[in-house]
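I opened a new notebook page for this structure. I wanted to look up a few features one by one.

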Amino acid sequence: MAGGGKWQGGAEQERRPRGPLRKILRRTFFILLVPFAIVVAAFLNFADTVASLQPPANPKAEAIVVLTGGFQRIDQAVDLLKSGAGKRLLISGVHPATTGSQIRRNTQSSADLFKCCVDIGHEAIDTIGNATEASQWISDRGYKRVLVVTNNYHMPRSLLELRRARPETEFIAYPVVNSDLKTTNWLRNPMVLKSILLEFGKYSVASVRDMAGARPASGLRTVPSRATPAEE
């Protein structure tokens, strides 16, 4: 019996240190769980917002800005220009080696349309640069109402940057829907999920930066310059 009591007392001594450690681990888990839940909820809200974006039925503005990232966006923007949704088009963020003539041929548009109504911006290297470039173009021409053409998942951050750069201008979203997120299970599509997660991360960083009042770099290759007519 004495031996058993000694063994029991030793076992109790071994268990005692685990109590405080378990409490610390449990509290740490719940402390970490709260921000994790907030991030997950924010991501799901972002994804739902992106999935719900649809082009307006009868878009109408003074001008159109398209943020490069694929010819599908540019095709859509040129079609809007042709239909009279805007009087002039800025294609922002075009690679310096790409000419207006190449874009015109790829969109199967007339030389007259590009000569009269299309400007090319070659300086933007990212979304911040798109906003800087577009802001200068809008300021030069005095536009108050502008259609914004880009992918649906890219639209929230694009509008955030554009409104920061040009708060006095009304920007109207015209999302290009590459993936129908509303009717498909995008959580099971690794490529789509990766794109949305990446864009959510960038959007979150941009939002925090704005709330902190930080001033980002211009996002341009060189000093700010004006967009040039496509057929120059």
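My entries follow, one topic at a time.

**Entry 1: the model.** I noted at the start that this is a predicted model.

**Entry 2: strand β2.** I began with β2, which covers residues 88–92. Is this strand mostly covered or mostly open? It is mostly covered, since I found five of its five residues buried. Next I checked which way the side chains point. Arg 88, Leu 90 and Ser 92 point one way from β2. Leu 89 and Ile 91 point the other way. Both sets are buried.

**Entry 3: the neighbours of β2.** Which strands does β2 pair with? One is β1, made of residues 63–67. β1 and β2 run parallel and are joined by five bridges.

**Entry 4: the disulfide.** How many disulfides are there? I counted one. It joins Cys 116 to Cys 117, with the sulfurs 2.2 Å apart. In general terms, such a link is a covalent bond between the sulfur atoms of two cysteines. Why is this disulfide called left-handed? The torsion about the S-S bond of Cys 116 and Cys 117 is about -80 degrees, so it is left-handed. I then compared the two cysteines. Cys 116 is partly exposed because its relative accessible area is 42%. Cys 117 is at 14%, so it counts as buried, the cut-off being under 20%.

**Entry 5: Leu 193.** I moved on to helix α8, residues 190–211, where Leu 193 lies. Leu 193 has 22% relative accessibility, so it counts as partly exposed. Which residue did I pair it with for a distance? I took Ala 47, 146 residues apart from Leu 193 along the chain. Their C-alpha atoms are separated by 9.5 Å.

Entry 6: Last, I checked the record. An unreviewed UniProt entry lists residues 24–46 as "transmembrane region". In the model, this span is 100% helix and 0% strand. Its end C-alpha atoms lie 33 Å apart.

How values were computed: Residues are numbered from 1 along each chain as its sequence is written. This is a predicted model: local features need pLDDT of at least 70, side-chain atom pairs count only at pLDDT 80 or more; totals for chains, interfaces and linings use all residues. Side-chain values use heavy atoms; hydrogens and water are left out. Buried means under 20% relative accessible area, exposed over 50%, partly exposed in between (1.4 Å probe, protein chains only). Helices (H or I, at least four residues) and strands (E, at least two) are DSSP runs, numbered from the N terminus. Two strands pair if DSSP finds at least two bridges between them. A disulfide is a pair of cysteine sulfur atoms within 2.5 Å. UniProt positions are given in the numbering used here, feature names are shortened, and annotations may be inferred rather than shown by experiment.
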